[in-house]
Every structure is written in structure tokens, then in C-alpha cells.
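I am opening my notebook beside the model and jotting down what I look up. Come along and check each entry against the picture.

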Amino acid sequence: MSRAGAKMRVMKKAVEKVKHGSIMRTNIPAGMAVAGPPLGPMLGQRGLNIAAFCKEFNSRTAHYIEGVPLPCRIKVRPDRSFELVIHNPPVTYFVKQAAGIQRGAMRPGREVSGKITLKHVYEIAKIKIQDPPLVLTPLKQLCELIIGTARTCGVEIQLQH
């Protein structure tokens with residue numbers, strides 16, 4: 001019995017302090033940041049002021065249509081302050097909007113859920129190239145990436161006539 005107790009104490013010491021990474025990645029709908037789950041507990045674990053975060057996020061995303069998913073990177077500093085980087089909506093969101101569909105195909109490659117043109121692909125690439133991770137990516141390579149994403153959603157790319 002005492003050996004089991006000693007093991008538990010050693011395990012408890014190893015588990016006690018949970019270190020979170022300094023950067024938190026999450027998708028938050030535009031203008032809809034609230035203190036409730038799932039966002040509230042994620043911010044609370046890192047010791048951030050949830051109300052201040054929600055207020056700042058909602059004010060910075062006021063120009064977007066409400067409910068558009070926005071990838072966010074939240075850098076938490078040791079003094080419990082934060083740096084919020086908001087990216088443009090994901091490629092899949094833009095592809096589905098351009099194709100006029102609610103969701104992608106269940107069996108991509110075998111069924112087609114919608115169609116978009118190369119002009120749509122180019123316009124999406126022009127928007128996405130503004131995101132910090134994609135700034136140095138060539139436009140041609142980004143267009144190829146978008147075409148690949150569209151295919152995985154079951155969206156067909158048409159050449160303009």
C-alpha cells in the first residue's frame with residue numbers, strides 16, 4: 001500500500017504544473033466571441049481576461065459578416081496580456097461560398113458538390129495571400145493549393161468559356 005502511495009506522490013508532482021504553449025490557435029466566428037464554452041475555458045486556463053478578449057475580438061471583426069469562421073492566433077505573455085492575430089476566413093469557406101454550397105461532397109472525386117471557375121480561385125488567392133503565413137507564397141503556388149482544397153471538398157474547377 002505504501003509503495004502505491006509513493007508512486008502516486010511522484011506522479012502528482014509530474015502532473016501538477018501544466019505548461020501551455022505561448023501561442024493558442026483557434027477558429028472563432030466573427031463577432032460572436034463569448035465567455036462561454038469552448039472559448040472561455042481555453043482563455044481561462046491561460047489566465048487571460050476573458051471579457052477584455054471578447055470585447056477586443058468582437059470590435060476588430062465588426063466589418064465581417066457575423067458567424068464567418070476566422071482562424072486566430074493568440075500569443076499569451078507572462079503578464080497575462082495577449083496579442084491577437086486574426087487571419088482571413090479559411091480557403092474551404094471561400095470555396096463553398098463561391099460554389100454556392102453548404103457543405104462539401106461526402107465522397108470527393110466520385111461526386112461533384114459544386115463548380116467554380118479559375119477566376120474564383122484567383123480572387124480567393126488574392127484574399128488569402130494577405131494572411132501572415134502566406135505572404136511570401138507565390139500566387140501561382142497559392143492558386144494550386146486552393147484548387148487542391150476545392151477538389152477535397154468535391155468542387156470542380158471549370159475553365160472559363
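**Entry 1: the starting point**

I note that this is a predicted model.

**Entry 2: the nonpolar cores**

I looked up the largest nonpolar core and found that it has 18 residues. I28, L43, F53, F57, I74 and L84 are the ones with the most contacts inside it. Which elements supply at least two residues each? My list reads β1 (23-29), α2 (39-45), α3, β2 (69-76) and β3 (82-86). The largest share comes from β2, with four residues.

I then picked I28 and checked its neighbours, leaving aside residues up to four places away in sequence. I28 touches A33, L39, F53, F57, V68, P69, L70 and C72. Another core lies apart from the largest one. That other core has 16 residues, and I wrote down I101, I116, I146 and V155 as being among them.

**Entry 3: the aromatic rings**

Before searching, I reminded myself how to describe a pair of aromatic rings: by the distance of the centres and the angle of the planes. How many aromatic pairs does the whole structure hold? My search found three.

For F53 and F57, the ring centres are 6.3 Å apart and the planes stand at 15 degrees. Planes under 30 degrees apart count as stacked, so F53 and F57 are a stacked pair. These two residues sit four apart in helix α3 (residues 50-60), which means about one helical turn separates them. Are F53 and F57 buried or exposed? Both F53 and F57 are buried.

Next came Y93 and F94, whose ring centres are 5.9 Å apart, with the planes at 65 degrees. An angle over 60 counts as edge-to-face, so that is my label for Y93 and F94. F94 has a relative accessible area of 15%, and since buried means under 20%, F94 is buried. I also noted one aromatic cluster, formed by F53, F57 and F82.

**Entry 4: helix α5**

I went through helix α5 (residues 118-128) and marked its buried residues: V121, I124, A125 and K128. They cover an arc of only 100 degrees around the axis, so they are on the same side of α5. What do these buried residues pack against? I found α4 (91-99), β4, α6 (139-152) and β5 (155-158).

**Entry 5: helix α6**

I checked the length of α6 first. At 1.5 Å a residue, its 14 residues should span 20 Å, and the end C-alpha atoms are 20 Å apart, so the two agree.

The buried residues here are L142, C143, I146, I147, T149 and A150. Looking down the axis of α6, I saw them fall within an arc of 160 degrees, so they line one face of the helix. On the face turned away from that buried side, I found the exposed residues K140, R151 and T152. The buried residues of α6 pack against α4, β4, α5 and β5. Just after α6, G154 takes a positive phi of about 85 degrees.

**Entry 6: T117**

My last stop was T117, in strand β4 (residues 114-117). Its relative accessibility is 19%, so T117 counts as buried. Leaving aside residues up to four places away in sequence, T117 touches Q158 and Q160.

Terms used. Residues are numbered from 1 along each chain as its sequence is written. This is a predicted model: local features need pLDDT of at least 70, side-chain atom pairs count only at pLDDT 80 or more; totals for chains, interfaces and linings use all residues. Side-chain values use heavy atoms; hydrogens and water are left out. Buried means under 20% relative accessible area, exposed over 50%, partly exposed in between (1.4 Å probe, protein chains only). Contact means heavy atoms within 4.5 Å. The arc is that of the directions from the helix axis to the C-beta atoms. Rings of Phe, Tyr and Trp (its six-membered ring) pair if their centres lie within 6.5 Å; planes under 30 degrees apart count as stacked, over 60 as edge-to-face and the rest as tilted. The expected span of a helix is 1.5 Å times one less than its number of residues. A nonpolar core is a set of buried Ala, Val, Leu, Ile, Met, Phe, Trp, Tyr and Cys residues joined through side-chain atoms within 4.5 Å.
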